[in-house]
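Here are my notes on the structure, for someone meeting it for the first time. Please read them with the model open.

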Amino acid sequence: MSETIAATTELSLTPAELAPYIQHTKIDPDATRDEMIAHAQEAVTHGFNAAMVPASWLPVVVAELSGTGVEVASALDFPTVGVMTSAGKAAEAAEIARLGATQLDIGVQVGWLKSGRYDDFREDIAGVVRASGLPVKVMLELPLLTDAEKEAAVELAMEAGVAFLKNASSGQIETANPASVRYLVDRARDGVRVKASGSIKTYRQGLELLRAGASLLGTSAGLAIITDTGDEETVSY
Ligand SMILES: O=C[C@H](O)COP(=O)(O)O
């Protein structure tokens, strides 16, 4: 996995050099077996950090990526994000690990946080960390939270043992932006790192997020990003 990048505006990478930071994501519900295999092969060909795929496609993708060094990531309780029971999440997490994923993204129960159920919120995440034994990336859905809830969510997630803090699950919640990345980077400790996610579509956008301190970029536009020459493109958040 890529090393943490110190937040710096000096970071200079070509579009192709962003590949080792990109989690190449394919979560379309109608993706076919051939498309999932092609997706895995793209991850190898272009040197992406990981192929991120639905759990139901893990057997196919794990077989395709065996011995390549490309991480196989999956997500549970997605795209609904957070609403499965804690027991259901833990069971699915164990199954995802058994199927050969090497990383796992998970939603959080935002409503429990907002209801003050902090112990339940933490244990919901911790149960997945324990059951999977995998590095867990927690999707915090920052725009849905008040300032106090953001502070609590970050702290409780780290207490639960996550490996990565992630600003949001998708662009429907938040377009990944440097301010959210810096917010998480400033609070991450004990080796916890930050994954940026949500409508990352251009090279310039990806580079800005890495400069803000993100260690990984989750995106379904990996191919477009590494071939993007749009230096002049402006990014609005
Ligand atoms: O973590 C990865 C996200 O699901 C990426 O989705 P997106 O490219 O549609 O924003």
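1. A residue counts as near a molecule or strand if one of its heavy atoms lies within 4 Å of it. By that rule the ligand is surrounded by Thr25, Ile27, Lys166, Ser169, Gly171, Lys195, Ser197, Gly198, Ser199, Gly218, Thr219 and Ser220.

2. This is a predicted model, in which local features need pLDDT of at least 70, side-chain atom pairs count only at pLDDT 80 or more, and totals for chains, interfaces and linings use all residues. Residues are numbered from 1 along each chain as its sequence is written, and side-chain values use heavy atoms, with hydrogens and water left out.

3. An oxygen atom of the ligand lies 2.8 Å from a polar backbone atom of Ser199. For Ser197, an N or O atom of the side chain is 3.2 Å from a ligand oxygen. The protein covers 87% of the 310 Å² of accessible area that the ligand has on its own (Shrake-Rupley method, 1.4 Å probe).

4. Strand S7 (193-197) and strand S8 (216-219) are the elements that give two or more residues to the shell around the ligand. Strands here are DSSP runs (E, at least two residues), and helices likewise (H or I, at least four), numbered from the N terminus.

5. Eight strands close into a barrel, in the order S1-S2-S3-S4-S5-S6-S7-S8, with parallel pairing. Two strands pair if DSSP finds at least two bridges between them. Strand S3 (residues 71-76) and strand S4 (residues 103-107) are joined by four bridges; Ala75 has Asp105 in S4 as its bridge partner.

Technical notes:
Polar contact = N/O pair within 3.5 Å; in protein donor to acceptor, adjacent residues only side chain to side chain.
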